[in-house]
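This report is an introduction for a reader who has not seen the structure before.

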Amino acid sequence: MEKIVHQTLSVNGIKMHVAEIGEGPAVLFLHGFPELWYSWRHQMLHLSTKGYRAIAPDLRGYGDTEAPPLVTSYTVLHIVGDLVALLDVLGLEQVFLVGHDWGALIAWSLCLFRPDKIKALVNTSVVFQPRHPHIKPIQGYRAMLGDGFYMCRFQEPGKAEKAFASTETSNVVKSFLSTRDPNPPCIPEDMDMGLMFKDPVTLPSWLTEEDVNYYASKFDKTGFTGGLNYYRAMDLSWELTAAWTGAQIRVPVKFIVGDQDLTYHFPRVKDYIHSGGLKKNVPFLEEVVVMEGVAHFLNQEKPEEVSEHIYNFINKF
């Protein structure tokens with residue numbers, strides 16, 4: 001870990017913290033919620049030994065990267081803009097791309113908006129869902145999963161932050177990273193969201209107290225508002241991306257998901273993946289891997305396996 005180099009760069013009007021290691025073709029890693037560049041530590045070290053340059057930023061609003069105060073500064077156009085600017089600052093014409101969770105959503109969008117920048121994509125956990133021309137995302141989730149669905153509960157500024165502040169930050173991190181419940185998270189509106197963090201958590205073997213403390217130390221400084229604003233800007237992103245309605249992902253793709261991942265158990269997702277829907281929208285989808293007994297944070301739960309999946313795919317190009 002001490003060989004990973006850290007720097008702060010000016011991109012798209014903000015200061016972005018970037019971690020990197022290795023030399024060779026560049027691989028850009030995009031983390032999810034509530035995570036940091038650190039989520040990719042295992043893959044970065046692995047690929048750096050295989051002749052690749054591994055690059056992992058703290059995305060806008062996270063860690064040591066700037067967190068603009070307005071929700072409207074967290075649209076998918078802002079986040080993708082940050083990454084295109086980052087590649088320009090680093091002098092990179094093209095990269096291999098790897099995403100997870102929110103990072104997967106951003107990765108799909110980066111490929112949609114600027115496929116010229118991407119050699120190939122390894123995406124995990126979150127499938128590409130084409131923009132619905134008539135239904136905003138949060139409206140769709142309310143209809144499908146109810147008002148208690150966590151993305152709906154996150155919409156009102158301050159409420160989720162209050163719940164997260166009801167316990168130690170380390171407990172919040174442990175609760176999210178340790179979850180193995182495959183059901184879409186729903187908290188009835190008459191229940192306090194802070195109840196999510198009341199049960200004691202036993203750390204899984206792949207997550208150490210040192211790992212938790214690293215995450216917690218950063219979120220103690222920044223709070224969770226930056227990450228939550230991604231959810232709050234979803235409908236605005238929908239409005240701004242009307243021009244891409246019906247567009248396909250046209251880069252080579254490998255998709256990986258755990259069979260215990262909550263995203264795999266969202267309504268209709270399994271059928272969408274396995275019955276040709278994903279392939280229709282991602283015509284250059286080459287591989288789908290469903291990892292048995294693996295939950296949402298697969299890159300940390302099965303680091304060596306995921307690292308090999310990434311290497312074996314990008315090594316073909």
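## Lys 136 and its partner

Lys 136 has a relative accessibility of 28%, so the residue counts as partly exposed. This value, like the others in this report, is computed from a predicted model. Lys 136 pairs with Glu 239 in a salt bridge, and their closest N and O atoms are 3.0 Å apart. The two residues belong to distant parts of the chain: Lys 136 sits in the loop between strand 6 and helix 4 (137-145), while Glu 239 is in helix 10 (residues 234-240), 103 residues away. Glu 239 is also partly exposed, as its relative accessible area is 42%.

## Other salt bridges

In the whole structure, 16 salt bridges are found. Side chains of opposite charge can pair when their charged atoms come close. One of the bridges joins Lys 117 to Asp 88, with 3.3 Å between the closest N and O atoms. Lys 117 is in the loop between helix 3 (102-113) and strand 6 (118-124), and Asp 88 is in helix 2 (residues 76-89), so this bridge ties together parts that lie 29 residues apart in sequence. The two partners are classed as follows: Lys 117, at 6% relative accessibility, is buried, whereas Asp 88, at 48%, is partly exposed.

Another bridge is formed by the side chains of Arg 114 and Asp 116, with an N to O distance of 2.9 Å. Arg 114 is partly exposed at 30% relative accessibility, and Asp 116 is partly exposed at 42%. Elsewhere, salt bridges link Lys 254, Glu 286, Glu 287 and Lys 316 in a network.

## Backbone details in loops

Some backbone angles deserve a look. Between Phe 33 and Pro 34 the peptide bond is cis, and its omega is near -10 degrees. Pro 34 belongs to the loop between strand 3 (26-30) and helix 1 (41-48).

Asn 12 is not a glycine, yet its phi is positive, near 50 degrees. This residue lies in the loop that runs between strand 1 (5-11) and strand 2 (14-21). With a relative accessibility of 41%, Asn 12 counts as partly exposed. Ser 125, again a residue other than glycine, has a positive phi of about 75 degrees. Ser 125 is located in the loop between strand 6 and helix 4. At 2% relative accessibility, Ser 125 is buried, because buried means under 20% relative accessible area.

## The nonpolar core

The largest nonpolar core is made up of 109 residues. Phe 29, Met 44, Phe 154 and Phe 164 have the most contacts inside this core.

What does Phe 164 touch, leaving aside residues up to four places away in sequence? The contacts of Phe 164 are Phe 33, Phe 154, Val 172, Phe 176, Met 196, Phe 197, Phe 224 and Leu 228. Phe 33, in this list, is also the residue whose peptide bond to Pro 34 is cis.

## Ser 109 in helix 3

Helix 3 contains Ser 109. This serine is buried, with a relative accessibility of 14%. Not counting residues up to four places away in sequence, Ser 109 touches Val 76 and Val 80. Ser 109 and Trp 244 are 135 residues apart along the chain, and their C-alpha atoms are separated by 9.7 Å.

The volume of the largest pocket is about 1400 Å³. Its lining has 48 residues, and Leu 105, Gln 129, Pro 130, Pro 137 and Tyr 141 are those nearest the pocket centre. Helix 2, helix 3, helix 4, helix 5 (150-153), helix 9 (225-232), helix 10 and helix 11 (269-274) each give two or more residues to this lining. Helix 3 gives the largest share, seven residues. By type, the lining of the largest pocket has 32 nonpolar, 12 polar and four charged residues.

The second largest pocket holds about 620 Å³ of space. It is lined by 26 residues, among which Ser 175, Phe 176, Thr 179, Pro 185 and Met 196 are closest to its centre. The lining of the second largest pocket is divided into 18 nonpolar, four polar and four charged residues. Phe 176 and Met 196, from the list of residues closest to that centre, are also among the contacts of Phe 164.

Conventions:
Residues are numbered from 1 along each chain as its sequence is written. This is a predicted model: local features need pLDDT of at least 70, side-chain atom pairs count only at pLDDT 80 or more; totals for chains, interfaces and linings use all residues. Side-chain values use heavy atoms; hydrogens and water are left out. A salt bridge is a side-chain nitrogen of Lys or Arg within 4 Å of a carboxyl oxygen of Asp or Glu. Helices (H or I, at least four residues) and strands (E, at least two) are DSSP runs, numbered from the N terminus. Buried means under 20% relative accessible area, exposed over 50%, partly exposed in between (1.4 Å probe, protein chains only). A nonpolar core is a set of buried Ala, Val, Leu, Ile, Met, Phe, Trp, Tyr and Cys residues joined through side-chain atoms within 4.5 Å. Contact means heavy atoms within 4.5 Å. On a 1 Å grid over the protein atoms alone, a cavity is a set of points where a 1.4 Å probe fits but cannot get out, and a pocket is an open set with protein on both sides within 12 Å along at least five of seven lines; lining residues have an atom within 4 Å of a point. Grid points are joined across faces, edges and corners, and a volume is the space filled by probe spheres set on the points. Ala, Val, Leu, Ile, Met, Phe, Trp, Tyr, Cys and Pro count as nonpolar, Asp, Glu, Lys and Arg as charged, and the others, Gly among them, as polar.
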